Amino acid sequence: MKQDIEYMCRALDLARQAIGRTSPNPMVGAVIVRDGLIVGEGYHQQAGTPHAEIHAIMAAGEKAHGATLYVTLEPCSHYGRTGPCAEAVINAGIKKVVVAMTDPNPQVAGRGLTLLRTAGIEVVEGVLAAEAAKLNEVFIKWISTGMPFGLMKTAMTLDGKIATRTGNSKWITGEISRERVHLLRDNCDAIMVGIGTVLADDPQLTTRLPQGGKNPLRVIVDSFARTPLSAKVLTDGQAPTIIAATCDAPTHNVLALRAIGAEVLIMPRSENGVDLRILFDQLAKRNITSVLIEGGAAINAAALTANIVDKIYAFVAPKIIGGNAAPGPVGGRGIEQIEAAIRLEEMNAVPSGEDILISGYLLGREGRDVYRTCGRVGKG
């Protein structure tokens with residue numbers, strides 16, 4: 001029904017207000033409607049705080065009795081840091097629940113809707129399911145596969161260069177594009193770069209926005225533990241930093257880093273250095289649901305080879321550098337036949353100031369089937 005779509009759109013808009021703030025929980029919005037009027041609404045603002053349904057029920061008060069609840073994700077049925085929302089919905093006397101998608105969390109996975117139906121509440125599923133799945137693609141990947149959602153950001157010239165032959169790269173893109181990158185950092189749980197970026201640029205890897213922002217966990221892929229003790233990521237106190245090294249790292253390097261308070265993880269090796277899939281697995285176990293890969297050609301190539309990239313953001317500047325020695329965004333050996341090229345789907349290209357931002361999902365990558373399943377229209 002048209003009104004169902006309108007109210008669910010409002011619930012989705014509410015959920016988006018918490019982007020980057022609810023991890024490892026999903027973003028959820030809820031709207032309560034009675035006699036054609038919104039009598040309560042809310043959204044999940046931060047992990048460990050009341051869920052969207054609770055905010056909406058509290059706002060509606062007694063008007064929730066006999067009303068219809070529109071919610072972007074199935075109400076939970078289990079006890080975590082908060083109580084089960086399905087029980088709260090039942091106790092509030094709500095007579096009908098319209099839900100966008102079921103919760104892919106194995107602890108829920110339809111149980112919340114079963115509780116509602118058992119209590120005699122009418123349940124409608126699948127209203128704007130695809131939009132709801134898109135909103136929570138990060139959560140869906142993490143909860144379904146046990147791996148973080150990997151985003152790769154590149155900034156290059158029109159001729160595909162990320163720096164000059166001397167290594168100069170400031171600035172490839174314009175101010176608006178750089179602010180967009182900080183928004184990406186603000187939305188992600190972690191940011192990952194290789195040791196080459198740290199040695200060349202000594203970056204902070206923090207979020208710097210006019211309105212402030214959330215600093216992600218910083219992850220340095222550094223097989224030999226060469227990160228300087230004076231590096232900003234270790235001394236600025238802005239965010240935690242993990243150094244991911246291997247057993248090839250000299251013991252004195254590792255001990256020196258740990259002596260100044262740095263966390264050094266000794267990871268298994270792959271042919272490209274640190275085994276990035278195992279690193280991602282370890283990050284997921286720390287409730288890191290999204291990782292922004294913002295390094296150079298070497299780490300980008302390793303990430304693509306390790307199959308940990310789900311989405312790419314490529315900023316293209318209207319500049320030409322030229323030069324055979326000027327690096328491109330992806331290094332390594334590369335492919336031999338065009339047929340083997342990594343392909344993108346759901347492409348999008350938008351202006352970004354003087355630049356163009358091209359984004360897309362890597363075709364056939366992990367988690368896409370789960371995402372599509374969550375986005376299918378359910379029962380009416």
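Two strands pair if DSSP finds at least two bridges between them. Strands (E, at least two residues) and helices (H or I, at least four) are DSSP runs, numbered from the N terminus. The model described here is predicted, so local features need pLDDT of at least 70 and side-chain atom pairs count only at pLDDT 80 or more, while totals for chains, interfaces and linings use all residues. Residues are numbered from 1 along each chain as its sequence is written, and side-chain values use heavy atoms, with hydrogens and water left out.

The chain has 13 helices and 16 strands. Its C-alpha trace spans about 70 × 45 × 40 Å along the principal axes. Of its 380 residues, 52% count as buried, that is, under 20% relative accessible area with a 1.4 Å probe and protein chains only (exposed is over 50%, partly exposed in between). Contacts are heavy atoms within 4.5 Å; of those with a separation of 6 or more, 70% are between residues 24 or more positions apart.

Strand β7 (residues 190–194) is largely enclosed by the rest of the structure, because 5 of its 5 residues are buried. Ala190, Met192 and Gly194 point one way from the strand, and Ile191 and Val193 the other way. β7 runs parallel to β8 (residues 217–221), to which 5 bridges join it, and Met192 has Val219 as its bridge partner there.

A nonpolar core is a set of buried Ala, Val, Leu, Ile, Met, Phe, Trp, Tyr and Cys residues joined through side-chain atoms within 4.5 Å. The largest has 43 residues, and Met8, Ile32 and Leu116 are among those with the most contacts inside it. Helix α1 (residues 2–16) gives the most to this core, with 6 residues. Apart from it lies another core of 32 residues, including Met156, Val219, Leu265 and Leu279.

Thr72 sits in the loop between β3 (68–71) and α3 (85–91). Its relative accessible area is 2%, so Thr72 is buried. Leaving aside neighbours within four places in sequence, Thr72 contacts residues including Met8, Leu12, Gly29 and Ala132. A polar atom of the Thr72 side chain lies 3.1 Å from the backbone nitrogen of Gly29.

Key: Polar contact = N/O pair within 3.5 Å; in protein donor to acceptor, adjacent residues only side chain to side chain.
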